[in-house]
Amino acid sequence: MAKHNGRIIAIANQKGGVGKTTTSINLAACLAESGSKVLAVDMDPQGHLTTGLGIDKENQEFTTYELIKDACNIGEAMIINVVDNLNLVPANRTLAGIEVEYVGVPNMQFILKNTLKSLKDKFDYIIIDCPPALGLLTVNSLVAADTVLVPIQCEFFALDGLSQLLYTIDLMKENLNPDLVIEGICFTMFDSRTNLSLQVVENVKDNLTQNIYKTVIPRNVRLAEAPSHGLPINIYDPKSAGTEAYRELAKEVKKNNISKLK
Ligand SMILES: Nc1ncnc2c1ncn2[C@@H]1O[C@H](COP(=O)(O)OP(=O)(O)O)[C@@H](O)[C@H]1O
Ligand SMILES: [Mg+2]
């Protein structure tokens, strides 16, 4: 098998409903479509990444939970080719147990990192869908990650909570993962019919120094429909505005030179 030099990207924002899972599914699928070998890891007990990729989350013997508990190995937990070139480690509500079972256990922050380390030469991209919280599951994701991609919804409170996330990322860099870099901020659910979306984009750009993706993800009903069919957008509706946007984002991610972002 050809050697890959995988980049682990955590899709994180402690706010719910900002487009983390939609971005995880469709960025992963568009990277896979472009020929990259991709692994998607569901780190949210809601299991939306799993169902969104057409996998029945309740009927899995091995999930992220068993993987973190060392009750299975990565080969057992991985579902091969949920779409071409895209493998998945599924999750369901059992994963919530991690947050309580491991309180105070030393080195718990490093479990996912140690699990994924051996996969970096087997995949080009490993995409981690984080839960809407800054607890142990997100910390594990940010410790394992090379980069973090932050989706921001184009709404009035977009900047609210972002400073807390950026502060957490700084803490991670100082303490647990000195090499972590912010891959970029990506605007989601942009509504071209309102001035508000444009104002939000301008306002965030004025207030942040981080890399911001040129690609802006539009609000697109096909993106909201696709998960109920268990399909990523590029397969559900290849000609939609959502497909076009996530293909562009995938191109930008591929072009991103991580060492320049440090
Ligand atoms: N660009 C978009 N256009 C339309 N609906 C979207 C878009 N992005 C996300 N959604 C919808 O918004 C809701 C929240 O998105 P989701 O990706 O689940 O957010 P998160 O994972 O951050 O909680 C979902 O119902 C999803 O289908
Ligand atoms: Mg989600």
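Q: How do the residues lining the second largest cavity divide into nonpolar, polar and charged?
A: That lining has 6 nonpolar residues, 2 polar ones and no charged ones. Here Ala, Val, Leu, Ile, Met, Phe, Trp, Tyr, Cys and Pro count as nonpolar, Asp, Glu, Lys and Arg as charged, and the others, Gly among them, as polar. Keep in mind that this is a predicted model, where local features need pLDDT of at least 70, side-chain atom pairs count only at pLDDT 80 or more, and totals for chains, interfaces and linings use all residues. Residues are numbered from 1 along each chain as its sequence is written, chains are lettered from A and ligands numbered from 1 in the order in which they are written, and side-chain values use heavy atoms, leaving out hydrogens and water.

Q: OK, which residues line that second largest cavity?
A: Thr 22, Ile 25, Asn 26, Leu 223, Ala 226, Pro 227, Leu 231 and Pro 232 do. Helix 1 (residues 20-33) gives the most, with 3 residues. A cavity is a set of points on a 1 Å grid over the protein atoms alone where a 1.4 Å probe fits but cannot get out, and lining residues have an atom within 4 Å of a point.

Q: How much space lies in it?
A: About 40 Å³, with volume taken as the space filled by probe spheres set on the points.

Q: And how many cavities are there in the whole structure?
A: The search finds 2 of 30 Å³ or more. Strand 6 (residues 147-153) supplies the largest share, 3 residues.

Q: Switching topic: where does Asn 177 sit?
A: In the loop between helix 8 (162-175) and strand 7 (181-188). Helices (H or I, at least four residues) and strands (E, at least two) are DSSP runs, numbered from the N terminus.

Q: Is Asn 177 buried or exposed?
A: Asn 177 counts as buried because its relative accessibility is 5%, and buried means under 20% (1.4 Å probe, protein chains only).

Q: What does its side chain reach?
A: The Asn 177 side chain gets to the backbone oxygen of Leu 142, at 2.8 Å.

Q: Last one: what's around ligand 1?
A: There are 14 residues around ligand 1, and the closest are Gly 17, Lys 20, Thr 21, Thr 22 and Pro 218. Being near means having a heavy atom within 4 Å. A ligand oxygen is 2.7 Å from a polar backbone atom of Gly 17, and a ligand nitrogen is 2.8 Å from one of Pro 218.

Terms used: On a 1 Å grid over the protein atoms alone, a cavity is a set of points where a 1.4 Å probe fits but cannot get out, and a pocket is an open set with protein on both sides within 12 Å along at least five of seven lines; lining residues have an atom within 4 Å of a point. Buried means under 20% relative accessible area, exposed over 50%, partly exposed in between (1.4 Å probe, protein chains only). A polar contact is a pair of N or O atoms within 3.5 Å; within protein, one must be able to donate a hydrogen and the other to accept it, and residues adjacent in sequence count only if both atoms are side-chain atoms.
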